[in-house]
Amino acid sequence: MWYVLWVETGKEHKVRGMLDVMIPADAFERIVIPEKKIQKKIKGQWQEIQRVLFPGYLFVVAEDITDFAKALKAVPEFTQMLKADDAIAAIYPEEEAALKRLVDADEIVEMSQGIIEHDEVKILSGPLKGMEGIVKRINRHKRTAVIELGLFERVLQVEVGLEITEKRS
């Protein structure tokens, strides 16, 4: 199951390193920091860069989170397990499935490519293929899309990479 760990924004990788060292290996399977690839124009050239998909959050994959939560108290950085009704709760299976569909084996949401045909978005390749319904806004100039994901018992809007290669009338 996937559990959510809240950390200080910008310190996700630092905290992950601390957890790998300070938490017993049998207390969890792995720690996931989903990232996204987006394109950014730097000095007039488009370059692909990576950013954390959910700033301030890590996902802890574990069957039983109890030992992990106890050991977490020794970590000197700010960390807090997200709870529901005062108990640590895993994300819903459908939320976990949506995340696994978006990220690849390296925990990265790759760029998607698509076209706009008669004011409808059609994703031709990438992780958003077949998920056009979650695309809420497209910024063709920045080569990004805002998608809606159900997570943490609410709907989040997340920006991911989407290059629209053509617009047809």
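Tutor: Start with glutamate 95, in helix H3, which covers residues 93–102. The model is predicted, so keep in mind that local features count here only at pLDDT of at least 70. Glutamate 95 is buried, yet it has no salt bridge. Its nearest side chain of opposite charge is arginine 154, 9.2 Å away. Leaving aside residues up to four places away in sequence, glutamate 95 touches Gly150, Leu151, Phe152 and Glu153.

Now look at glutamate 96, also in helix H3. Glutamate 96 does form a salt bridge, with lysine 100. The closest N and O atoms are 2.8 Å apart. Both residues lie in H3, 4 residues apart, which is about one turn of the helix. Glutamate 96 has 16% relative accessibility, so it counts as buried. Lysine 100, at 44%, counts as partly exposed. Side chains of opposite charge can pair when their charged atoms come close.

Glutamate 107 sits in the loop between H3 and S9. Glutamate 107 forms a salt bridge with arginine 16, with 3.1 Å between the closest N and O atoms. This pair links distant parts of the chain: arginine 16 belongs to helix H1 (residues 12–22), and the partners are 91 residues apart. Glutamate 107 counts as buried because its relative accessible area is 11%. Arginine 16 is partly exposed, because its value is 21%.

Another pair is lysine 122 and glutamate 117, whose side chains meet at 2.9 Å, N to O. Lysine 122 has a relative accessible area of 35%, so it is partly exposed. Some charges join in a group: Glu8, Lys11, Lys14 and Glu77 are linked in a network of salt bridges. The count of salt bridges comes to 12.

S9 spans residues 108–109 and runs parallel to S3, joined by 2 bridges. Here isoleucine 108 stands opposite glutamate 35. S3 (residues 35–42) also pairs with S4 (residues 45–52), this time antiparallel, through 8 bridges. In that pairing, lysine 40 stands opposite glutamine 47. The hairpin of S3 and S4 has 2 residues between the strands, and lysine 43 takes a positive phi near 50 degrees there.

Why notice that angle? Most residues other than glycine have a negative phi. Aspartate 85 has a positive phi of about 55 degrees. Aspartate 85 lies in the loop between S7 (83–84) and S8 (87–88). Its relative accessibility is 80%, so aspartate 85 is exposed. Arginine 143 has a positive phi of about 60 degrees. Arginine 143 is in the loop between S12 (135–139) and S13 (144–151). At 19% relative accessibility, arginine 143 counts as buried, because the limit is under 20%.

Finally, step back. The protein has 3 helices and 14 strands. Buried residues make up 45% of its 169 residues. There are 25 positive and 29 negative charges, and their mean positions are 8 Å apart. Among contacts between residues at least 6 apart in sequence, 63% join residues at least 24 apart.

Key:
Residues numbered from 1 in each chain as written. Heavy atoms only, no water. Buried < 20%, exposed > 50% of the residue type's maximum accessible area, 1.4 Å probe, protein only. Contact = heavy atoms within 4.5 Å. Lys, Arg positive; Asp, Glu negative; His and termini not counted. Charge placed at Lys NZ, Arg CZ, Asp CG, Glu CD. Salt bridge = Lys/Arg side-chain N within 4 Å of Asp/Glu carboxyl O. Pairing = 2+ DSSP bridges.
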